[in-house]
Amino acid sequence: MQVNQNPAISQYAQSVGAYTSAPVAAVNAQPADTTKTEAAAADVKKPDTDRVEISAEAKVTTKMTDAERADLVKSLKDDLDNQMSRFTNMMMRTFEKQGITAAKGDDFWKQIASGNFTVDAKTKAEAEAAISEDGYWGVKQTSERIFDFAKALAGDDPDKMKKMQDAVEKGFKQAEDAWGGSLPGICGETQSAVNKLFDDYYKQNEA
């Protein structure tokens, strides 16, 4: 059974794209004198498409050692790669079933944004669940993961956190460029939620 593309697919793709771009921009914003934490995160990139396993979500805690923080960044990176691969594989299978050749690089996201494809009922349901209020790609969980990544890289340093926030904003802009237009709806809500987490952090740390 085929159904017309649902807005859930578009919003799902926006969340995934933003989640990839924001942490990568944060990693790239690190200074030249990298630490063990930064080294563990330095190879963050868009994932290969042959991995679909999902790692457990890691949570940031304060007062971590360098080794603990490096492990956390690696866990977040692995989670990012695996979730991106899961989404990419889903869309590649969708395109393949319809005889559509998947585009490469940023054109892949523009291809999704075009809406020139259909999804089956199962894929539609999975996407709707993923972006729901309690879903993995919902505003709350996605914004928390982006913030956790930034916090882990900054080492709980308020000044570095401000640089991370700037980098995350850059990441959202990069996601917008890749999408080929504005990122309405869930992505904008996620961006606002991330900024609120930063604002709350500054208040708690009197930054």
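In this chain, confidence is lowest in strand β1 (residues 2-4), at a mean of 42, and highest in helix α8, at 92. Confidence here is pLDDT, the predictor's own score for each residue, from 0 to 100.

Some ground rules. This is a predicted model, in which local features need pLDDT of at least 70 and side-chain atom pairs count only at pLDDT 80 or more, while totals for chains, interfaces and linings use all residues. Residues are numbered from 1 along each chain as its sequence is written, and side-chain values use heavy atoms, with hydrogens and water left out.

The chain averages a pLDDT of 77, and 76% of the residues score at least 70. Over residues 32-61 the pLDDT is below 50. That stretch still has 68 contacts in the model beyond near neighbours in sequence, a contact being heavy atoms within 4.5 Å. Where pLDDT is low, the predicted coordinates should not be read in detail.

Now to α8, which covers residues 186-205. Buried residues in α8 include Ile186, Val194, Phe198 and Tyr202. For accessibility, buried means under 20% relative accessible area, exposed over 50%, and partly exposed in between, with a 1.4 Å probe and protein chains only. After α8 comes glutamate 206, with a positive phi near 50 degrees.

Next, salt bridges, defined as a side-chain nitrogen of Lys or Arg within 4 Å of a carboxyl oxygen of Asp or Glu. The structure holds 8 of these salt bridges. Aspartate 200 is partly exposed, at 24%.

Aspartate 78 and lysine 74 form a salt bridge at 2.9 Å, N to O, and both lie in α3, 4 residues apart, about one turn of the helix. Aspartate 78 also bridges to lysine 77, where the closest N and O atoms are 3.9 Å apart. Which residues are linked in the network of salt bridges? They are Lys74, Lys77, Asp78 and Asp81. On accessibility, aspartate 78 is partly exposed at 23%, lysine 74 is partly exposed at 44%, and lysine 77 is buried at 8%.

Staying in α3, residues 66-97, we have threonine 94. Is threonine 94 buried or exposed? Its relative accessible area is 7%, so threonine 94 is buried. A polar atom of its side chain lies 3.0 Å from the backbone oxygen of methionine 90. Setting aside neighbours within four places in sequence, threonine 94 contacts Phe117, Thr118, Val119 and Thr123.

Last, lysine 162, in helix α7 (residues 158-179). Lysine 162 is partly exposed, with a relative accessible area of 38%. Its C-alpha atom is separated by 9.6 Å from that of alanine 150, 12 residues apart along the chain.

Terms used. Helices (H or I, at least four residues) and strands (E, at least two) are DSSP runs, numbered from the N terminus. A polar contact is a pair of N or O atoms within 3.5 Å; within protein, one must be able to donate a hydrogen and the other to accept it, and residues adjacent in sequence count only if both atoms are side-chain atoms. The expected span of a helix is 1.5 Å times one less than its number of residues.
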